[in-house]
Amino acid sequence: AVVSTQSTGSVLRFVYTGELPLTEDTINPLFEACDQFLLESGKNICRIYISQHMPNEVLARFLFEHHTLCSELGALYLQQAIENAPYFLQSPCVGLLPKEALIRMLHSNDMPLKEIEVFRGVREWIKTNVRIDSSTPPVSSSSPPTSSPSRTPTLPLSPKFYYGPEVLEEVFSLLRFPLMDYDELRNEVEPLGLVPANLLLEAYRFLAKPKTIPLNEFEVSQVRFSLRKKPDQSQPGAEVHTFQCREHERCTAVAWPVTHFSSIKTQKHLSNTFDVRGLRWRMWAYPAGEAKHAGSFSVYLEAVRVKER
């Protein structure tokens, strides 16, 4: 690849200062320049920028224009898309994924999604990209994101390729139907009318098997029985524990361990209600302080009024 004089100058400054001017406009040429000059430390800075600072909308544009990127950079964007699967397996992005990218996603164990959510994304991809009837191409329902055009790049309105029905076998073989429940299989998977009967039978048989029976040799060898990364269900702690005060027999002490404190996104966090001396209580916490006391941590005790029966 030809390195521009501007990118060369930025790389030379990086050698002396350790800083790279990374933006969505400079990330690609600077990564390729660092690659040309064998600056692995510079490439690492680019990798961190991609994983921690690049918006999904920008990542989508680069991913769908991967033919303009070096193979290593394209692989980086694809891996980042897999880690952000909740965004890329929804419309409009899912309809624009090349088959190879979708297959890579389905192979991955790192998607923080339930399997039925993965299936819904695949269903949208099929509607957009697969010719079920060979006489007519599928109708794309994709549309550009509605975010502000100043921040969000416009995505193409239609996929680059159409695939025949033979691609369905490969795609469905990577969906983990045994990880779904009966209602999801019956109400969403079967009505599609495209999933092979042997895969549905396999899923139903697995669900009917007692959970105490371990996977057999065949099941262990198949990706369809492997758990994906579970969605992050860590919630800030709300449970309050009561115990007898050691120093005063008539006093009751309480403890409120707020686990996952950094996950609190609201101004006010409430505890569960708890009983002390026949009365019901609840605590309120303001992680960033109240308006009058910004920058502090405030906790309040509330006596919960219970309606008389």
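The model is predicted: local features require pLDDT of at least 70, side-chain atom pairs count only at pLDDT 80 or more, and totals for chains, interfaces and linings use all residues. Residues are numbered from 1 along each chain as its sequence is written, and side-chain values use heavy atoms, with hydrogens and water left out.

**Overall content**

The protein contains 13 helices and six strands. Helices (H or I, at least four residues) and strands (E, at least two) are DSSP runs, numbered from the N terminus. Of the 309 residues, 38% are buried, where buried means under 20% relative accessible area, exposed over 50% and partly exposed in between (1.4 Å probe, protein chains only). Among contacts between residues at least 6 apart in sequence, 56% join residues at least 24 apart; a contact means heavy atoms within 4.5 Å.

**Two helix pairs**

The table sets out the geometry of two packed pairs. Axes are lines fitted to C-alpha atoms, for helices over the stretch in contact, and angles run from 0 to 180 degrees between N-to-C directions.

| Pair | Axis separation | Crossing angle |
|---|---|---|
| Helix 3 (residues 40–52) and helix 5 (residues 71–83) | within 10 Å | roughly 30 degrees |
| Helix 9 (residues 115–129) and helix 11 (residues 182–192) | 11 Å | about 15 degrees |

Angles under 35 degrees count as roughly parallel, over 145 as roughly antiparallel, 65 to 115 as roughly perpendicular and the rest as oblique. Helix 3 and helix 5 are therefore roughly parallel, and helix 3 passes helix 5 in a right-handed crossing. Helix 3 contributes Lys 43, Arg 47, Ile 50 and Ser 51 to the contact, and helix 5 contributes Glu 72, Leu 73, Leu 76, Tyr 77 and Gln 80. By class, this contact of helix 3 with helix 5 comprises four nonpolar, two polar and three charged residues. In this classification, Ala, Val, Leu, Ile, Met, Phe, Trp, Tyr, Cys and Pro count as nonpolar, Asp, Glu, Lys and Arg as charged, and the others, Gly among them, as polar.

Helix 9 and helix 11 are likewise roughly parallel to each other, but their crossing is left-handed. A crossing is left-handed if the near helix is turned anticlockwise from the far one by less than a right angle, and right-handed if clockwise. The contact involves Ile 116, Phe 119, Arg 120 and Arg 123 of helix 9, together with Glu 184, Glu 188, Val 189 and Leu 192 of helix 11. Its residues divide into four nonpolar, no polar and four charged.

**Leu 73**

Leu 73 is found in helix 5 and is buried, with a relative accessible area of 0%. Beyond its neighbours within four places in sequence, Leu 73 is in contact with Asn 28, Phe 31 and Ile 50. The C-alpha atoms of Leu 73 and Lys 43 are separated by 9.8 Å, and the two residues are 30 residues apart along the chain.

In helix 1, Ser 7, Gly 9, Ser 10, Val 11 and Phe 14 are buried, and the buried residues pack against helix 2 (27–36) and helix 3. Just after helix 1, Gly 18 adopts a positive phi of about 75 degrees.

The buried residues of helix 8 (residues 99–107) are Ala 101, Leu 102, Ile 103, Met 105 and Leu 106. Their cover includes helix 5, helix 6 (85–88), helix 9 and helix 10 (167–172). Ser 108 lies in the loop between helix 8 and helix 9 and is buried, with a relative accessible area of 10%. Not counting residues up to four places away in sequence, Ser 108 touches Ile 82, Arg 176 and Arg 228.
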